[in-house]
Amino acid sequence: MNRSKELNRLTATQAVKAIRTGRINATELMKSCIRHIEGLESDIKAWAYFNSEKAIAQARAVDQKIKRGERTGLLCGIPVGIKDIFNTADMPTCMGSALWEGFTPGNDARVISSIRWADGIVAGKTITAEFAVHYPGPTVNPHNYAHTPGTSSSGSAAAVASYMIPLALGTQTAGSTIRPASYCGIYGLKPSFGLIPRTGILKTLDTLDHITFFSRSVDDLRLMLDVLRVRGPNFPYVHRLVDLQKTPKRSDHHPWKVAFVRTPGWGHAEGYAKEAILNFVSKLEQQKGIVIEDTDLPQEFDSAHHIHKLIYTKALSYYFGEEYDTGKEKISDIFCEMVEEGRRISTAKYMAGLERQSRLIKRLDQYMEDYDFLITLSTAGEAPKGLYSRDKKDSCLIWTLCHVPSMNLPVFKGPQGLPFGAQIISRQYRDYDLLDFAKYLEREGPKGPWQSIK
């Protein structure tokens with residue numbers, strides 16, 4: 001191992017290989033990350049809770065396991081940042097709210113248990129927006145501290161982008177992972193709805209909440225998916241559509257069919273962002289084995305943002321009714337407004353909204369029968385200035401609403417030198433196909449200005 005390269009800059013898959021071959025150990029990796037965190041945290045403010053002694057103790061336990069000759073799990077000493085809405089038995093879970101300051105649930109969310117079983121290091125809790133909704137925490141964009149890192153998984157995205165840690169958990173109910181990944185210039189994956197268990201995390205909406213993750217490489221996203229997802233005959237639907245699904249071999253006779261989609265948010269995108277994605281798609285079209293079709297998303301999806309808002313605000317008013325009624329003075333104005341709006345929505349309208357969501361899920365699946373993947377912008381452009389700035393309309397929530405996997409590719413640079421991304425989407429439960437396509441693009445696809453300087 002070349003010690004001139006700081007260990008904290010290794011990807012997770014690189015670090016696992018180095019630990020398994022004895023070139024480094026987990027404690028060295030964790031100490032390198034800690035030094036980097038200590039040097040940057042006062043500026044970036046990515047962490048809601050971080051205890052270096054606990055992190056080192058976990059790393060030493062992995063090293064001792066290796067020393068005893070025991071088999072280690074897939075994460076083998078890799079530090080993982082945890083968005084502060086996941087239950088952790090030995091750390092506070094405050095959900096970005098003053099109402100829950102100091103709360104420790106006393107148990108682990110199921111995915112946290114999976115990380116520990118895989119010998120990963122639960123490094124600490126990263127900053128989230130209040131209740132993982134809109135009102136941001138103090139985290140700044142690591143590329144320019146005057147700009148937003150994106151919400152609500154802001155701390156996780158900033159921690160990975162600034163090389164504090166190689167992996168982090170997030171969530172997405174609208175655009176809370178793809179958007180921060182785009183603004184921070186890293187990979188972000190929102191897996192298919194139902195593929196990752198949600199036990200032990202803050203609930204905002206039954207039909208929209210997704211567990212997600214951030215990394216600096218496609219291989220690391222695959223690693224996290226392998227660790228966290230459900231599998232086996234006890235999950236018959238996933239077992240049939242994921243475990244037993246064979247990925248078709250790509251060839252000149254069977255190229256990937258990709259639709260470049262102009263979504264309802266296309267008109268809100270910055271001119272430079274439109275130019276960047278059109279240029280990217282043009283170069284992609286020249287790649288052997290890929291067929292591109294330029295198309296608009298069906299008209300039915302013009303209502304997606306309205307449907308999402310209806311069911312989202314109604315659910316928030318239900319799940320956070322007690323917090324609103326007993327602690328309104330400690331809740332942001334924007335969250336209070338959403339609860340109040342949700343209470344004005346009737347149960348009948350909410351149920352009708354869920355039915356419309358189901359119809360859009362089916363419609364998108366039908367639309368995608370003709371394509372392997374969709375590609376579009378992740379965000380309207382680079383990160384806006386100011387932590388409390390509003391994002392322009394994008395397409396992120398459409399793919400959340402429709403339960404399909406989506407991924408940010410960190411390929412573009414805006415006029416202020418900040419990153420933003422392209423987004424790729426596949427049919428539900430074709431997550432590994434999406435990862436294969438992303439790996440191809442990472443390795444052989446057109447290189448954007450952001451990729452070239454990383």
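**View 1. Tyr319 and its ring partner Tyr318 in the predicted model.** Tyr319 is partly exposed, with a relative accessible area of 27%. Tyr318 is exposed, at 65%. The two ring centres lie 5.0 Å apart. Their planes meet at 75°, so the pair is edge-to-face.

**View 2. Trp256 against Tyr440.** The count for the model comes to 17 aromatic pairs. In one of them, the rings of Trp256 and Tyr440 have centres 5.3 Å apart. With planes at 70°, this pair is edge-to-face. Trp256 lies in strand E7 (residues 256–262). Tyr440 lies in helix H15 (residues 431–444). The pair therefore ties together parts that are 184 residues apart in sequence. Trp256 is buried, with a relative accessible area of 14%. Tyr440 is buried too, at 4%. Ring pairs also bring in Phe373 and Phe437, linking them with Trp256 and Tyr440 into a cluster.

**View 3. Arg9 over a ring.** Arg9 lies over the face of Tyr163. The distance to the ring centre is 3.9 Å.

**View 4. The largest cavity.** The model has 3 cavities of 30 Å³ or more. The volume of the largest is about 80 Å³. Its lining includes Thr263, Gly265, Trp266, Lys393 and Asp394. By class, the lining has 4 nonpolar, 6 polar and 2 charged residues.

**View 5. The second largest cavity.** This cavity holds about 50 Å³ of space. Among the residues that line it are Ile85, Ala132, Gln172, Asp209 and His210. The lining divides into 4 nonpolar, 5 polar and 1 charged.

How values were computed. Residues are numbered from 1 along each chain as its sequence is written. This is a predicted model: local features need pLDDT of at least 70, side-chain atom pairs count only at pLDDT 80 or more; totals for chains, interfaces and linings use all residues. Side-chain values use heavy atoms; hydrogens and water are left out. On a 1 Å grid over the protein atoms alone, a cavity is a set of points where a 1.4 Å probe fits but cannot get out, and a pocket is an open set with protein on both sides within 12 Å along at least five of seven lines; lining residues have an atom within 4 Å of a point. Grid points are joined across faces, edges and corners, and a volume is the space filled by probe spheres set on the points. Ala, Val, Leu, Ile, Met, Phe, Trp, Tyr, Cys and Pro count as nonpolar, Asp, Glu, Lys and Arg as charged, and the others, Gly among them, as polar. Rings of Phe, Tyr and Trp (its six-membered ring) pair if their centres lie within 6.5 Å; planes under 30 degrees apart count as stacked, over 60 as edge-to-face and the rest as tilted. Helices (H or I, at least four residues) and strands (E, at least two) are DSSP runs, numbered from the N terminus. Buried means under 20% relative accessible area, exposed over 50%, partly exposed in between (1.4 Å probe, protein chains only). A charge sits over a ring if NZ of Lys or CZ of Arg is within 6 Å of the ring centre and within 35 degrees of the ring normal.
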